[in-house]
Amino acid sequence: MPTSDALDLGFDPSRLQRIDDYLKQYVDDGRLPGWQIQIARHGEVAHFSSYGQRDIEAGLPVEDDTIFRIYSMTKPITTVAAMMLFEEGAFELTTPVSELIPSFKDLTVYEKGMAARPVTRPAANPMEIRHLMNHTSGLTYGFHHIHVQDEIYRNAGHEWGPPPGTDLAAACDTWASLPLRFDPGTQWNYGVSTDVLGRVVEVASGMSLDKFMAERIFAPLGMKDASFQVGADKQDRLAALYAPTPEGKTMRLDAFGDGIKNPPTMLSGGGGMAATTADYSRFTEMIRRGGELDGARLLGNRTVDYMSQNSLPDDKDLTEVGIPLFAETKFDGVGFGLGFSVVMDPIKYGTLTSVGEIGWGGAASTAFWVDPLEDLTLIFMTQLLPSSTYPIRTELKGLVYQSLVD
């Protein structure tokens, strides 16, 4: 993306400096290893900066081409892949998932009982493809530790990932055999929905998810390093993964983080990718421009507009229909479209932002948003797991919007 003078793009340079000054404290006091941020407006970069280390122990700094695990920031990409197939007539948004993955035909819903012997009932309605896109499917994550359903997933070997050797097709069949939290389309629960959507992409396209992404999204957009695996030739650019210590410092998580270096058994459309800031900026710019970038059109602009509207039941926000748990966004004043969170009420949200802003984040504290009102995009990269450790995302909202002065 081209870089322009910040003032010409409506930013006060001295106020932009506040962003770096604030974020540097996270590194200087040991809470983050390092970070990278890009702020763009009207398709031009107003601010790009990096600070700290991509590998503390090796003394390697965060650089322009550093590769980060983006985890759940994979979800919007997978949803775009599915919407590309929708535009081609491969399925309707209301098509039952069971038409593409037969194991989802006879679903059950948890009613009561312990994880070892749950009492269930037949689901009142089928799970539709759109329910996978907006997390109203009734599926969950085993790592939530909130409900008996989560424990059932863990007992089946599905917590942060599937059991070793399980591919995407087998994982989907397992999830289909486990009880749902609620009838599809009635509530919101963060879970493996987008992983199942990745399998829908595979079945509908006749291609593996990684091949579809590489040929239909990454190559046209010029996302050179986006991948489900960081190969040996690029691992020197891969940032190390860290977690917080009780003392507020960081500890290295190689046992967890090194998975991205190996060929994945399960292609996780919900959280399996790594990318550079430059890669993800190509994706967000395509979204900002209504589905097209540099002559490569992935989606029609009406499709992107449709994806960016709240699709939760009765147009409610996450506080009203969402299961109270951790997610990559605040719930107050926030709805959910197809693949993105959608800000509905900035006052309820509690900080500076815009109505209609879409975005999401990743488990290692990464985040992005696209603001159609201000014609602005932001990408923030770091590698601290989990993303609920510090309130960086809401802090970034205030810091970025206070720097706009036009």
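These legends walk you through a few views of a predicted model. Residues are numbered from 1 along each chain as its sequence is written, and side-chain values use heavy atoms, leaving out hydrogens and water. In this predicted model, local features need pLDDT of at least 70 and side-chain atom pairs count only at pLDDT 80 or more, while totals for chains, interfaces and linings use all residues.

**View 1. The whole protein.** Here you can find 13 helices and 16 strands (DSSP runs, numbered from the N terminus: H or I of at least four residues for helices, E of at least two for strands). The radius of gyration, taken over C-alpha atoms, is 20 Å, close to the 22 Å that the globule rule (2.2 Å times the number of residues to the power 0.38) gives for 406 residues, so the protein is as compact as a globular protein of that length.

**View 2. The largest nonpolar core.** A nonpolar core is a set of buried Ala, Val, Leu, Ile, Met, Phe, Trp, Tyr and Cys residues joined through side-chain atoms within 4.5 Å; buried means under 20% relative accessible area (1.4 Å probe, protein chains only). This core has 89 residues, and I77, V80, F104, L139, W188 and I217 touch the most other members. Helix α2 (residues 74–87) gives the most to it, with seven residues.

**View 3. Around I217.** Setting aside neighbours within four places in sequence, I217 is in contact (heavy atoms within 4.5 Å) with I77, V80, A81, M84, F212, M223 and L298.

How values were computed. Buried < 20%, exposed > 50% of the residue type's maximum accessible area, 1.4 Å probe, protein only.
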